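Welcome, and thanks for taking a look at this one with me. Let's walk through a few spots together.

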Amino acid sequence: MNATFADAYARSYDEFYAGKDYERECDYVQEALRRHGGPASGRILDMGCGTGGHAIILAKRGCEVVGVDRSAAMLEIARRKAEGARLRIGWQNADVRTVRAPGTFDAVLFMFAVIGYLVEDTDVRSALRTAREHLRPGGILIFDTWYGPAVLTMRPLDRSRVVEAAPATTIRLSQPTLRADRNVVDVRMRVWHLVGDRVEGRSDETHAVRYFFLPELATHLASAGFEVASFNAFPQLDRGPDESTWNLGCVAVAR
C-alpha cells in the first residue's frame, strides 16, 4: 500500500479539493442504501476518510459515522472540522486492511478511489474481507475507483492547480506515468507553499493508483463474501460505465 499524504500535503488537501461535490456523493451513498435495503441514516464505517469530507456530511444528515485513515495528519484535520461543527464522529488512525472498529455497521465506504491505493491483489482482498467483517448480513459496501477502459482510452494527463489565499499561494503539479503492465498510474504530486516570493514549504509524493476492470472486481468481491448489486458511472447510480467513465461506482451486498 502507498505511503502517502504526509503532513505538508495533508495541510493543502482541502484547498485543492474545495470544488469536489461531497454533497452529491453523499446523496449517491444514501440513495444506494435506500435501494438495497439499508437505512439511509444508519451506522457507517468510512474507510480512508481523509479530512472527513464525506463523514462530516453524513453525520450532519443523521448517520452514526466512524472514520478510519492511516494518515494522522489527515485525521487531525477531520477531527478539528467535526469539533467545529459540533458533531460526534469516531475516528481511528488505522490501516483499512486490518482495522478493527467496535460493533457492526449498515454500510462500509471506500470513497475517492481509496481502493485504488491498494495496488496488490492481496491488499484488495484484505481490505474487502475487513469490510465484510464489519458489516451486518445484508449490509452494503460502496466504493468508487478508477475504471480501466476509461483510463486506457482517455489517458492520464499532467495537471496543475493554483490556490490563492492571501497572503499565501499554494501550487500543485501532478505528473502521471501510466504503468499498463501493472494496471497502475504513478502520480507524482509536487506542492509548493509560497508567501510572497518566499517558498515556506514543499512536498513531493508519488501516489500509485490502481485502475480496475469489472471481472476482477467481481471476483475479489465474491471471494470476500459480497454480491455485486450495481456497477455504475459514479456518482450516477442509473448509468452504466463506459470508456468515458473515469470513476466507476460499485454497490455490493454482504452475503
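Leaving aside neighbours within four places in sequence, which residues is Asp 69 in contact with? They are Gly 48, Cys 49, Gly 50, Met 74, Leu 75, Gln 92, Asn 93 and Ala 94, where contact means heavy atoms within 4.5 Å.

## About the model

This is a predicted model, in which local features need pLDDT of at least 70 and side-chain atom pairs count only at pLDDT 80 or more, while totals for chains, interfaces and linings use all residues. Residues are numbered from 1 along each chain as its sequence is written, and side-chain values use heavy atoms, with hydrogens and water left out.

## Asp 69

Asp 69 sits in strand β2, residues 64-69 (helices are DSSP runs of H or I with at least four residues, strands runs of E with at least two, numbered from the N terminus). The side chain of Asp 69 reaches two backbone nitrogens: that of Gly 50 at 2.8 Å and that of Cys 49 at 3.4 Å.

Asp 69 is buried but has no salt bridge. Here buried means under 20% relative accessible area, with a 1.4 Å probe and protein chains only, and a salt bridge is a side-chain nitrogen of Lys or Arg within 4 Å of a carboxyl oxygen of Asp or Glu. The nearest side chain of opposite charge belongs to Arg 70, 6.5 Å away; Lys and Arg count as positive, Asp and Glu as negative, and His and the chain ends are not counted.

## Arg 132

Helix α5 (residues 121-134) holds Arg 132. Arg 132 is also buried without a salt bridge, and the nearest side chain of opposite charge, Glu 133, is 9.0 Å away. Not counting residues up to four places away in sequence, Arg 132 touches Pro 137, Ala 224, Gly 225, Phe 226, Ala 254 and Arg 255.

The chain is divided into domain 1 (7-147 + 212-254) and domain 2 (150-209), with bounds from an automatic or database domain assignment. Their C-alpha centres lie 23 Å apart, and 19 residues of domain 1 are in contact with 26 residues of domain 2.

About 2,000 Å² is buried between the domains, 65% of it from carbon and sulfur atoms; buried area is the accessible area (1.4 Å probe) that two parts lose on being put together, summed over both. In domain 1, Tyr 9, Phe 16 and Trp 246 lose the most area to domain 2, together 35% of what that side buries. The count of salt bridges between the domains is 0. On the domain 1 side, α1 (7-16) and β5 (135-147) are the elements that give two or more residues, and α1 gives the most, with 5 residues.

Conventions. Buried < 20%, exposed > 50% of the residue type's maximum accessible area, 1.4 Å probe, protein only. Polar contact = N/O pair within 3.5 Å; in protein donor to acceptor, adjacent residues only side chain to side chain.
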